[in-house]
Structure formats: C-alpha cells, structure tokens
There are 2 protein chains.
Amino acid sequence: MSVTDELLTNAERYAAGFEKGHLPLPPARGVAVLACMDARLNVYGLLGLTEGDAHVIRNAGGVVTADERRSLAISQRLLGTREIILIHHTDCGMLTFTDDDFRRGIEAEVGIKPDWAAEAFSDLDADVIQSINRITADPFIPHKDSVRGFVYEVETGRLREVKP
Amino acid sequence: MSVTDELLTNAERYAAGFEKGHLPLPPARGVAVLACMDARLNVYGLLGLTEGDAHVIRNAGGVVTADERRSLAISQRLLGTREIILIHHTDCGMLTFTDDDFRRGIEAEVGIKPDWAAEAFSDLDADVIQSINRITADPFIPHKDSVRGFVYEVETGRLREVKP
C-alpha cells in the first residue's frame, strides 16, 4: 500500500465527518498566507485557521516568484483578500545549498540545466525582506498596505516578525 | 486590529502548546502534495497530515508552472519525497474567468499586461490531467511512479481520483 493510498483512507474519514459544504469561495478573513512547503510548518494549526478562512500559497522556501505574484493577484483581484502574511522558517532546506551547485548537479545528471533559479538563500531574515520587496515592486498586486513577513521557529513553534 | 494581528494571537497560543521541536527536515511520509490555495481546502485535515509528514505546495488552481516544478525537484532531490498528490477542487475560482479577460482587465487598469498566464481553466478533470502531464514531461523531477490527481468536492468533503 502506497503512502498516497494511506492518505486516501484518511480522506474518506474526513468526508464522513464533513459539515462544511456551505462555505463561500472568497476567504472569510480576507487574508492570503504565503509560506514554505516545509512539512513541519502547519499553517492552519499555527495561525488558527479553519476551512474557509484564508488562501494558503506554498512553495520551496516560501519565496516570491512569478507564480506567487500570479496567485496573489488572483487572490486580491478576484477573491477580495487585502492582507498578505509571508512565512519563512528556521532549519529551511533552502539554507543548505546554492543555486549554482543545485543547477550544476542537475546538469551533470540530466544533461540539461534548469531554466529557473532554485531560489536558495543564505540569510533567512534577508530573504523575508526580499519577498516583501518583490511583492511591493509588483504592478499587478493592488493591495500592499499590509504585507508582513515572519520567521517560524521549527524548534519552538514561535512566529517572529521580520521588520524591513 | 488587523486580521494579521488576530492570527498572530493564535500563533502565540500554538507556540504555548508546542511539543514538536524535534522533527527532522525531510518529510516523514515521503510525499509532496500540490493543491489549490482555496480557503475551503484544508490539506492537513483532509489527508490526515500532521507536522513533519509531507511537503505542501499550493497556488491559485493547484496548477503546475515552473515554480511548482522547482519545488517538486527540490522536494524529491534534496528531501527524499517519492510520491506526488495533485488536488484541484469543485467551485474553483479558476473556472470563473479566462486568461484573456483577466489580462485585458489588468492592462486596462494598470497599463501593463501581465507577462504570465493566469492559468484559468474551464474543465476541472482536464486540468488535473494537464498538471499530471506537465510533471511527467519535466526533465528535472526524478520520481514519477506515483503522480496521482484528484478533485476535492467542497460541497461534500470527498476526494475523487481523476484517471488519465
């Protein structure tokens, strides 16, 4: 039995107890969270979110590339969110390599070099600020009054704000 | 008080009860989930995940663009995941507009046309297959034996597999 099959069994249990079939499409709290994909970062648990509350966007590092700007533009323009919460975290995999090494390793194995940046970083707080700046500079995201960045500490469960 | 400030109060409560400071960086279940950012889709709740279990990647639509391929390549190459679960859902915002209209509307307002596709779609099952195909075609994601796609029904809480 694959892990996917095991998780599907969990999904059947979720459906059996489901009572939230009436929720509207726009997020009730008007917020979009952009966080790292890290397995230890439980966005719903950490922020006390429940079904219907917030858009959650996640990727390797919690970085801001074109696709996150796409998701944020759709979130704000079509679905009414107004605040953005960015979350990086301690002990992140993105701190453990460099773009050059990652791309070189893939090229050596596959014979093709990725046509995208891996977005590795060496300074956690600086990359949170980098993410805020990329959003601020984007012409397609209309609402930027509340774009705040945080570092989640996987060791303590605490969320620490990073001020520009 | 902003919504962000309210959620930060929740985060303090999460930290106060935190007992999971010892978890390793690689996901325990060896799986990466790629799902829509929709507020009604509670990935942890649905799949019965807990802290440390799985990478969770999310964006508008749960689509596969360059950034999701980046995240999946990092997930598999550096952090050992082997299975991929794709989740789209009913009543998705991406079903409500077209790329052309979205880009034209932004151009009319901002004076610049986005240099990215909005990735809207009109057929849910077809876009799940599209996402599977984009992963299958990617040269940088090494493990493709278990790439399965699903539609989550926001009305019933059920997860339905889409077979290519």
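This is a predicted model: local features need pLDDT of at least 70, side-chain atom pairs count only at pLDDT 80 or more; totals for chains, interfaces and linings use all residues.

Q: What's the mean pLDDT of chain A?
A: The mean is 98, and 100% of the residues of chain A reach 70 or more. pLDDT is the predictor's confidence in each residue, from 0 to 100. For the complex, the predictor gives an ipTM of 0.98 and a pTM of 0.98.

Q: How many helices and strands does chain A have?
A: Chain A has five helices and five strands. Helices (H or I, at least four residues) and strands (E, at least two) are DSSP runs, numbered from the N terminus. Along the sequence, the pattern is α-β-α-β-α-β-α-α-β-β.

Q: Where does His89(A) sit?
A: His89(A) belongs to strand β3 of chain A, which covers residues 83-89.

Q: Buried or exposed?
A: His89(A) counts as buried, because its relative accessibility is 0%. Buried means under 20% relative accessible area, exposed over 50%, and partly exposed in between (1.4 Å probe, protein chains only). Of the 164 residues of chain A, 59% count as buried.

Q: Which residues does His89(A) touch?
A: Leaving aside residues up to four places away in sequence, the contacts of His89(A) include Cys36(A), Asp38(A), Leu124(A) and Val151(A). A contact means heavy atoms within 4.5 Å.

Q: Val151(A), then: what's its bridge partner in β5(A)?
A: That's Arg160(A). Strands β4 (residues 146-152) and β5 (residues 159-162) of chain A run antiparallel, joined by four bridges. Two strands pair if DSSP finds at least two bridges between them.

Q: And what's between those two strands?
A: The hairpin of β4(A) and β5(A) has six residues between the strands, and Gly157(A) there takes a positive phi near 80°.

Q: Switching to chain B: why is β2(B) called largely enclosed?
A: Six of the six residues of β2(B), residues 54-59, are buried, so the strand is largely enclosed by the rest of the structure. Ala54(B), Val56(B) and Arg58(B) are on one side, with His55(B), Ile57(B) and Asn59(B) on the other.

Q: Which way do β1(B) and β2(B) run, parallel or antiparallel?
A: Parallel, with six bridges joining them. In β2(B), Ile57(B) is the bridge partner of Leu34(B).

Technical notes
Residues are numbered from 1 along each chain as its sequence is written. Chains are lettered from A and ligands numbered from 1 in the order in which they are written. Side-chain values use heavy atoms; hydrogens and water are left out.
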